Amino acid sequence: MHPPITLLGIESSCDDTSAAVLRDEVILSNVIATQAVHTRYGGVVPELASRAHLQNIIPTVHDALKQAGVRREALTAIAFTRGPGLLGSLLVGTSFAKGLSSALNIPMIDVNHLQAHVQAHFIKETPHDTTQPRFPFLCLLVSGGNTQIIRVKSHNHMEIVGQTIDDAAGEALDKCAKVMGLGYPGGPAIDRLATQGNPHRFTFGKPHVPGYDYSFSGLKTSFLYLLRDELKKDTHFIEKNREDLCASLQKTVVDILMNKLYQAARDLQTDEVAIAGGVSANSGLRRAFEEYSHRYGWKIHLPKLAYTTDNAAMVAISGYYKYLDRQFGSPGTVPFARISVTR
Ligand code: KG4
């Protein structure tokens, strides 16, 4: 048994500033400061995001340590998101982690944000939590920037089985939501309205992409063409049909995601299947996972809602496994705007 490892995790890849404290695999605190400033622009404005991170990072770290009841001097190491993400935003977390680790004379650990989403499944709420997936397992990572099926062989070893060749699923949902006037990000609004609509009312073109890859740009176009044609006949078409449009769109996205995931799980003979990323909060997708679990005997892993969006708890757990492997960053470590889940 090693002495307890207490890690501070820092996440600043996009528009959420987050700090978390983890002791071994058990989460002690996870504080998230979201940035309301982007709402009025209909999307994240990179320059505003990095400025807001600068304002938020010290109080967020302070709150995380306070909630955890941990003093700075008790930290073993600091984990931070190195990428992928917005470069200006990443720079804030990276620089802060470098400064604090140097002041405390403890290691810093650079974390891949995509791996961290997957590793969120290993966060324990209590020391006796035994719900973690068993290796190897498949994880559908589905967010605003990514849609990938990942084969997870061990904590620090992942390979991509399939991925989108164009838009991510969350991006397609957000764009369709925008043309319906649902604001940004539109995924949660579509989810909410879909619960009151008929998912069989409208049908949209489904992609024909070989292997386990995805495509969502055709669906987006098919959705836009339907609106264009119907709005010519009735200018109130969207208001009158919003719920059915959302339910049908969501069902199509979920069907596309599940079909490829099912094929991959069948061919790779895996029945341990997880989901991660912002779109994993979607109630239709979660329901589909439950159905596949009953039908095909899948052992499913659905993250707690707090771990679906960007958060530092997942950065801390990812840093923990890298700490055990002695994979540390250095003062020369720089952020990456783009980086694969396999690196
Ligand atoms: O992982 P994430 O927080 O960061 C990015 O990759 O940007 O994912 C954000 C994405 C957005 O596209 C958002 O619309 C989507 O996740 N999202 C949802 C839901 N909650 C968030 N999509 C569908 N249903 C939801 N409940």
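## Exercises: a sheet and its salt bridges

Five strands make up an open sheet with mixed pairing, ordered β8-β7-β6-β9-β10. Strands here are DSSP runs of E, at least two residues, and helices are runs of H or I, at least four, numbered from the N terminus; two strands pair if DSSP finds at least two bridges between them. This is a predicted model, where local features need pLDDT of at least 70, side-chain atom pairs count only at pLDDT 80 or more, and totals for chains, interfaces and linings use all residues. Residues are numbered from 1 along each chain as its sequence is written, and side-chain values use heavy atoms, leaving out hydrogens and water.

**Exercise 1.** How do β6 and β7 run, and how many bridges join them?

*Solution.* First, locate β6 at residues 137–142 and β7 at residues 147–154. Next, note that they run antiparallel, joined by six bridges.

**Exercise 2.** Which residue forms a salt bridge with R82?

*Solution.* Start with the criterion: a side-chain nitrogen of Lys or Arg within 4 Å of a carboxyl oxygen of Asp or Glu. R82 meets D110, with the closest N and O atoms 3.3 Å apart. Then place both: R82 is in β4 (residues 77–83) and D110 in β5 (residues 108–112), so the pair ties together parts 28 residues apart in sequence. Lastly, D110 counts as buried, at 12% relative accessibility (buried is under 20% relative accessible area, exposed over 50%, partly exposed in between, with a 1.4 Å probe and protein chains only).
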